Amino acid sequence: MYVFLPILLTSLFVPLILEFIILKSSLSKCSSLYTFRYPKYLSIIFISGLITIIALFIWVYLSDFKPKLELEIFLLSFYSVFTFAIILQILRVLNFQLELEEEFILYRNLFGIVRKIRYEEITKIKIYKDKSNNPIKYKIYIDKKGLSVDNFMVNFNDFTKIMKKRLRKAKNTIQFV
């Protein structure tokens, strides 16, 4: 009985989530030089990983493999956590977006919720660098909350130039740290 619960939940929720993701993705407008988002090919990689995990799980439990209860609990826990993490990454890749408008930043989180952030609200921008001193991530702080712009996002190399220009225009004197 416990074996088929994750299979049942996966078979019910994954198609619904993927349909929501594809719908959200198709509704999003084209990106511009001022839009920072993850490349869409990452979603294909994560969806392939999700399908592989589901296939392995089904194969293990339909085979003659009969694990002890402890191992079965561990496998179910591992499967559930890994599947949840992959689904969150798929949502993040397809929904997360920052648009640097003239007077504010439009921020869309992994659930598709849009928030408007004024440049005056930004308290700090931190730069994370690799060993060769190249930026690999920017973190924008609004009070204690932070938004990340990762180095493999579309338009990452233009972030500093655009953000400095927008901050000057908004008369925000924070520095990149």
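These legends go with close-up views of a predicted model. Local features are given at pLDDT of at least 70 and side-chain atom pairs at pLDDT 80 or more, while totals for chains, interfaces and linings use all residues. Numbering runs from 1 along each chain as its sequence is written, and side-chain values use heavy atoms, with hydrogens and water left out.

**View 1. The largest nonpolar core, with 28 residues.** Such a core is a set of buried Ala, Val, Leu, Ile, Met, Phe, Trp, Tyr and Cys residues joined through side-chain atoms within 4.5 Å; buried means under 20% relative accessible area, exposed over 50%, and partly exposed in between (1.4 Å probe, protein chains only). Leu 98, Ile 122, Ile 140, Val 149, Phe 159 and Met 163 have the most contacts inside it. Helices (H or I, at least four residues) and strands (E, at least two) are DSSP runs numbered from the N terminus.

**View 2. Around Phe 159.** Skipping neighbours within four places in sequence, Phe 159 touches Phe 36, Leu 100, Tyr 138, Ile 140, Val 149 and Phe 176 (contact: heavy atoms within 4.5 Å). Elsewhere, a second, separate core of 12 residues includes Phe 57, Leu 76, Ile 90 and Leu 94.

**View 3. Phe 74, out in the open.** Phe 74 sits in helix 3 (residues 69-95) and counts as exposed because its relative accessibility is 53%.

View 4. Glu 99 is buried, at 11% relative accessible area. Its side chain makes a 2.7 Å polar contact with that of Gln 97 (N or O atoms within 3.5 Å; within protein, one must be able to donate a hydrogen and the other to accept it, and residues adjacent in sequence count only if both atoms are side-chain atoms).
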